[in-house]
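Hello,

Here is the structure I promised to pass on. My notes follow below it.

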Amino acid sequence: MKRICILIILFMFQNVLAQEEIIPSAPKGFIKTGPCLQIWREEIIIEKPIMQVTIPVHMVIPVNSHFNLNFDYAYARTDWDMRHTSMGGFSDPYLQGNLLLWDNRLLIIGGIGVPLGKTRLNYKEYYLSTHLNLNIFNFKTPVYGQGFQGKIGALIAHSFSDNVVIGGGASYLYRRKFVPIYSANWANQGNKVDGYYDPGDETNVHLGLDLGFNEDMKVMLDGIFTFYQKDKYNSPQYVFQSGTKMTINLGYFYRYDEYYLWALLNYRSKTNNYALQGQLFKEEVFNSNSPKLDFNIIWKAFHIQGGGANVLVDGRFYGENEAGLSWAKALGGGFGGEYRFSYNTFIEFYIKYMVGQRISAEDLKKLNIEGMDVAILFRYEF
């Protein structure tokens with residue numbers, strides 16, 4: 001239980017949802033990769049869907065029983081009406097080391113993100129990126145490059161009984177400046193775009209609770225508070241500071257025979273942002289951030305020798321902000337599964353379809369949306 005609690009907190013910290021039973025402890029090293037396709041349409045662009053193909057690479061390298069390395073990298077190609085708007089390239093590679101100490105109760109982490117991903121976007125790429133960053137679509141590669149990043153942190157867990165474990169910790173993300181926009185002349189668009197963007201650093205505080213009712217049922221609760229420093233743009237003048245974010249993750253796991261049910265509820269909210277308004281850097285009058293609620297359910301409904309099939313349910317519900325914007329919802333699901341080809345080789349797949357609505361920030365129209373998410377991933381253990 002001690003180690004499980006630490007892994008749950010680390011799992012939420014990395015913002016990854018595994019379609020596997022609970023959290024894989026990865027006693028072996030492995031590499032996982034494969035094509036992922038996402039397509040989203042809005043009713044006003046029914047003939048021009050946004051389509052993204054991502055090939056992620058995730059690798060875990062165990063150095064010894066207490067230390068491992070995680071490596072993440074991806075190539076993505078995004079098209080929005082292939083004749084006019086497209087963007088392709090590699091993301092920033094990220095390497096993180098995880099060190100377990102003190103009878104697996106203390107986790108020390110350190111990671112770096114190398115700025116090799118695409119930046120210096122032209123106007124069409126920039127406009128496309130504003131849609132890739134919409135949370136309701138949940139694109140796997142919403143951002144290609146965002147400058148150098150360095151992360152350090154520590155997480156600790158304590159067992160009060162065989163069934164109750166609490167954990168907590170903190171992490172710090174250091175971010176360097178980068179050039180987000182390439183074009184130097186958008187005068188006709190009313191934007192000043194030249195120069196470096198210097199995003200503020202981030203501090204995260206983590207809390208976790210792990211309740212084991214028996215060997216087949218667990219409830220996991222995690223809370224993360226994220227504090228953002230001020231951003232600069234091409235000058236010593238501050239231009240933006242994101243509000244403090246609160247994230248709550250509630251997980252439920254139940255196993256029966258060869259089957260299981262794994263559910264995750266994720267809630268996020270932010271306080272008011274600060275922004276440069278005229279000559280003054282001050283708090284916005286109306287909170288432009290909206291509360292967001294996501295849930296995911298994975299039910300292993302069918303079992304065969306070496307694998308099985310899962311039923312998937314996804315829901316995303318985002319409320320209005322104080323200005324009456326940012327409202328969105330989507331609901332759907334599909335199926336997936338995994339199969340072991342050999343002692344070291346696995347295949348994982350899923351296909352999901354979602355429908356919903358969102359309000360356009362450009363003209364305040366309510367738009368019908370639909371999307372599909374398909375992936376085939378291969379994992380090799382070594």
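Where is the place of Ile61? Ile61 sits in strand 3, residues 50-64. Strands (E, at least two residues) and helices (H or I, at least four) are DSSP runs numbered from the N terminus.

First, the ground rules. This is a predicted model: local features need pLDDT of at least 70, side-chain atom pairs count only at pLDDT 80 or more, and totals for chains, interfaces and linings use all residues. Residues are numbered from 1 along each chain as its sequence is written, and side-chain values use heavy atoms, with hydrogens and water left out.

Back to Ile61. Leaving aside neighbours within four places in sequence, Ile61 contacts (heavy atoms within 4.5 Å) Asn68, Leu69 and Phe382. The C-alpha atoms of Ile61 and Phe30 are 6.8 Å apart, across 31 residues of chain.

Next, the cores. A nonpolar core is a set of buried Ala, Val, Leu, Ile, Met, Phe, Trp, Tyr and Cys residues joined through side-chain atoms within 4.5 Å. The largest has 17 residues, and Trp40 and Ile136 touch the most other members. Strand 4 (67-80), helix 2 (123-132) and strand 21 (328-340) each supply at least two residues of this core. Apart from it lies another core of 10 residues, among them Met220 and Leu377.

Last, Ser242. This residue is in the loop between strand 14 (238-241) and strand 15 (245-256). Ser242 counts as buried, at 13% relative accessibility.

Best wishes

Note on methods: Buried < 20%, exposed > 50% of the residue type's maximum accessible area, 1.4 Å probe, protein only.
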